[in-house]
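Subject: Structure handover

Hello,

Here is the structure I promised to pass on. Please open it next to this note; my findings follow below.

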Amino acid sequence: MTTMSAALETQIIRAVKTGTVLMGSNSVLSAIANGRVRAVVVASNYQGKALERLKELCSFSETPLLVYPKGSLQLGRISGRGHPVAVLGIRTPGESQILEGVEPSREPSRRRRAPSAERRT
(Lines give C-alpha, C1' and ligand atoms only; values in the text may rest on other atoms or scores of the structure.)
Protein backbone atom coordinates (compact mmCIF):
# COMPACT_ATOMS: atom_id res chain seq x y z
CA MET A 1 0.00 0.00 0.00
CA THR A 2 1.42 3.36 -0.97
CA THR A 3 1.53 6.26 1.45
CA MET A 4 -1.00 8.25 -0.59
CA SER A 5 -3.34 5.27 -0.69
CA ALA A 6 -3.02 4.72 3.06
CA ALA A 7 -3.61 8.41 3.78
CA LEU A 8 -6.72 8.46 1.57
CA GLU A 9 -8.03 5.29 3.24
CA THR A 10 -7.54 6.86 6.67
CA GLN A 11 -9.42 10.00 5.64
CA ILE A 12 -12.28 8.01 4.06
CA ILE A 13 -12.66 5.92 7.23
CA ARG A 14 -12.64 9.08 9.35
CA ALA A 15 -15.20 10.79 7.08
CA VAL A 16 -17.52 7.77 7.24
CA LYS A 17 -17.26 7.60 11.04
CA THR A 18 -17.49 11.31 11.89
CA GLY A 19 -19.00 13.03 8.86
CA THR A 20 -21.93 12.57 6.51
CA VAL A 21 -21.45 10.47 3.39
CA LEU A 22 -23.67 9.10 0.64
CA MET A 23 -23.01 5.72 -0.94
CA GLY A 24 -24.02 4.52 -4.37
CA SER A 25 -23.86 6.09 -7.79
CA ASN A 26 -27.52 7.12 -8.07
CA SER A 27 -27.55 8.88 -4.70
CA VAL A 28 -24.25 10.60 -5.35
CA LEU A 29 -25.15 11.69 -8.90
CA SER A 30 -28.36 13.24 -7.62
CA ALA A 31 -26.56 14.98 -4.78
CA ILE A 32 -23.92 16.40 -7.14
CA ALA A 33 -26.63 17.77 -9.42
CA ASN A 34 -28.29 19.43 -6.42
CA GLY A 35 -25.03 20.76 -4.94
CA ARG A 36 -25.25 18.63 -1.82
CA VAL A 37 -21.77 17.03 -1.86
CA ARG A 38 -18.39 18.62 -1.32
CA ALA A 39 -16.29 15.82 -2.86
CA VAL A 40 -16.70 12.45 -4.55
CA VAL A 41 -14.58 9.31 -4.10
CA VAL A 42 -14.76 6.72 -6.87
CA ALA A 43 -13.30 3.20 -6.87
CA SER A 44 -10.64 2.48 -9.49
CA ASN A 45 -12.79 -0.20 -11.14
CA TYR A 46 -15.77 2.11 -11.77
CA GLN A 47 -15.88 2.46 -15.56
CA GLY A 48 -17.89 3.12 -18.67
CA LYS A 49 -20.64 5.62 -19.32
CA ALA A 50 -21.44 5.90 -15.63
CA LEU A 51 -17.91 7.14 -14.92
CA GLU A 52 -18.09 9.60 -17.82
CA ARG A 53 -21.39 10.98 -16.47
CA LEU A 54 -19.87 11.28 -13.00
CA LYS A 55 -16.82 13.12 -14.36
CA GLU A 56 -19.04 15.44 -16.38
CA LEU A 57 -21.20 16.34 -13.38
CA CYS A 58 -18.19 16.85 -11.12
CA SER A 59 -16.54 19.05 -13.73
CA PHE A 60 -19.67 21.13 -14.30
CA SER A 61 -20.33 21.60 -10.58
CA GLU A 62 -16.61 21.96 -9.75
CA THR A 63 -16.87 19.13 -7.23
CA PRO A 64 -13.52 17.46 -6.46
CA LEU A 65 -13.29 13.88 -7.73
CA LEU A 66 -10.87 11.58 -5.90
CA VAL A 67 -9.96 8.18 -7.34
CA TYR A 68 -9.53 5.51 -4.71
CA PRO A 69 -6.70 3.30 -6.05
CA LYS A 70 -8.40 0.05 -5.06
CA GLY A 71 -11.64 -1.54 -6.19
CA SER A 72 -15.23 -1.14 -5.04
CA LEU A 73 -15.09 -4.17 -2.74
CA GLN A 74 -12.26 -2.61 -0.72
CA LEU A 75 -13.98 0.81 -0.73
CA GLY A 76 -17.07 -0.91 0.67
CA ARG A 77 -15.03 -2.62 3.37
CA ILE A 78 -13.35 0.56 4.60
CA SER A 79 -16.75 2.29 4.51
CA GLY A 80 -18.08 -0.27 6.97
CA ARG A 81 -20.23 -2.09 4.42
CA GLY A 82 -20.26 -5.76 3.62
CA HIS A 83 -20.77 -5.12 -0.08
CA PRO A 84 -19.02 -3.19 -2.87
CA VAL A 85 -19.31 0.61 -2.90
CA ALA A 86 -18.22 2.14 -6.21
CA VAL A 87 -19.03 5.79 -5.46
CA LEU A 88 -18.94 7.72 -2.20
CA GLY A 89 -20.15 11.31 -1.81
CA ILE A 90 -18.74 13.45 1.00
CA ARG A 91 -21.43 15.81 2.31
CA THR A 92 -19.62 16.82 5.48
CA PRO A 93 -16.07 15.62 6.16
CA GLY A 94 -16.42 15.44 9.94
CA GLU A 95 -13.01 15.15 11.57
CA SER A 96 -11.36 13.95 8.36
CA GLN A 97 -9.08 16.11 6.27
CA ILE A 98 -10.23 14.58 2.99
CA LEU A 99 -11.06 17.99 1.48
CA GLU A 100 -7.72 19.59 2.29
CA GLY A 101 -5.58 20.18 -0.76
CA VAL A 102 -8.08 18.89 -3.32
CA GLU A 103 -8.84 20.88 -6.42
CA PRO A 104 -12.24 21.09 -8.08
CA SER A 105 -12.68 18.69 -10.97
CA ARG A 106 -12.28 20.58 -14.24
CA GLU A 107 -12.17 19.30 -17.79
CA PRO A 108 -12.28 22.48 -19.88
CA SER A 109 -12.65 20.74 -23.24
CA ARG A 110 -15.82 18.95 -22.13
CA ARG A 111 -17.32 21.60 -19.91
CA ARG A 112 -20.69 22.99 -20.88
CA ARG A 113 -22.17 26.31 -19.97
CA ALA A 114 -25.00 26.33 -17.51
CA PRO A 115 -28.31 27.60 -18.85
CA SER A 116 -28.75 31.19 -17.90
CA ALA A 117 -32.04 32.92 -17.22
CA GLU A 118 -30.47 36.15 -18.47
CA ARG A 119 -29.90 34.87 -22.01
CA ARG A 120 -33.42 35.38 -23.27
CA THR A 121 -33.66 37.12 -26.61
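Helix H3 is followed by Glu62, which has a positive phi, near 55°. Glu62 sits in the loop between H3 and S3. Most residues other than glycine have a negative phi. Glu62 is not a glycine, yet its phi is positive. Is Glu62 buried, partly exposed or exposed? Its relative accessible area is 32%, so Glu62 counts as partly exposed. The classes are buried under 20% relative accessible area, exposed over 50%, and partly exposed in between, with a 1.4 Å probe and protein chains only. Helices (H or I, at least four residues) and strands (E, at least two) are DSSP runs, numbered from the N terminus.

A word on the source. This is a predicted model, where local features need pLDDT of at least 70 and side-chain atom pairs count only at pLDDT 80 or more, while totals for chains, interfaces and linings use all residues. Residues are numbered from 1 along each chain as its sequence is written, and side-chain values use heavy atoms, with hydrogens and water left out.

Now the chain as a whole. It holds 4 helices and 4 strands. Along the sequence they follow the pattern α-β-α-β-α-β-α-β. The chain has 121 residues, and 36% of them count as buried. Its accessible surface is about 7,400 Å² (Shrake-Rupley method, 1.4 Å probe). Carbon and sulfur atoms hold 48% of that surface. Take the contacts (heavy atoms within 4.5 Å) between residues at least 6 apart in sequence: 79% of them join residues at least 24 apart.

Next, the sheet. It is open, has 4 strands and runs in the order S1-S4-S2-S3, with mixed pairing. The edge strands are S1 (20-23) and S3, and each pairs on one side only. From one strand to the next, the twist averages 25°. Two strands pair if DSSP finds at least two bridges between them. S2 and S4 run antiparallel and are joined by 4 bridges. S2 and S3 are parallel, also over 4 bridges. Which residues does Val42 face? In S4 it stands opposite Val87. In S3 its bridge partner is Val67.

The side chains of S3 alternate. Leu66 and Tyr68 point to one face and are buried.

Glu9 belongs to helix H1 (residues 3-18). Glu9 is buried, with a relative accessible area of 9%.

Back to H3. This helix covers residues 48-61, 14 residues in total. From first C-alpha to last it reaches 20 Å, close to the 20 Å expected at 1.5 Å a residue. The expected span is 1.5 Å times one less than the number of residues. H3 lies across S2, S3 and S4, at about 160° to S2. Axes are lines fitted to C-alpha atoms, for helices over the stretch in contact, and angles run from 0 to 180 degrees between N-to-C directions. Its buried residues are Leu51, Leu54, Leu57, Cys58 and Ser59. Their cover includes helix H2 (25-33) and strands S2 (39-43), S3 (65-68) and S4 (87-92).

Best wishes
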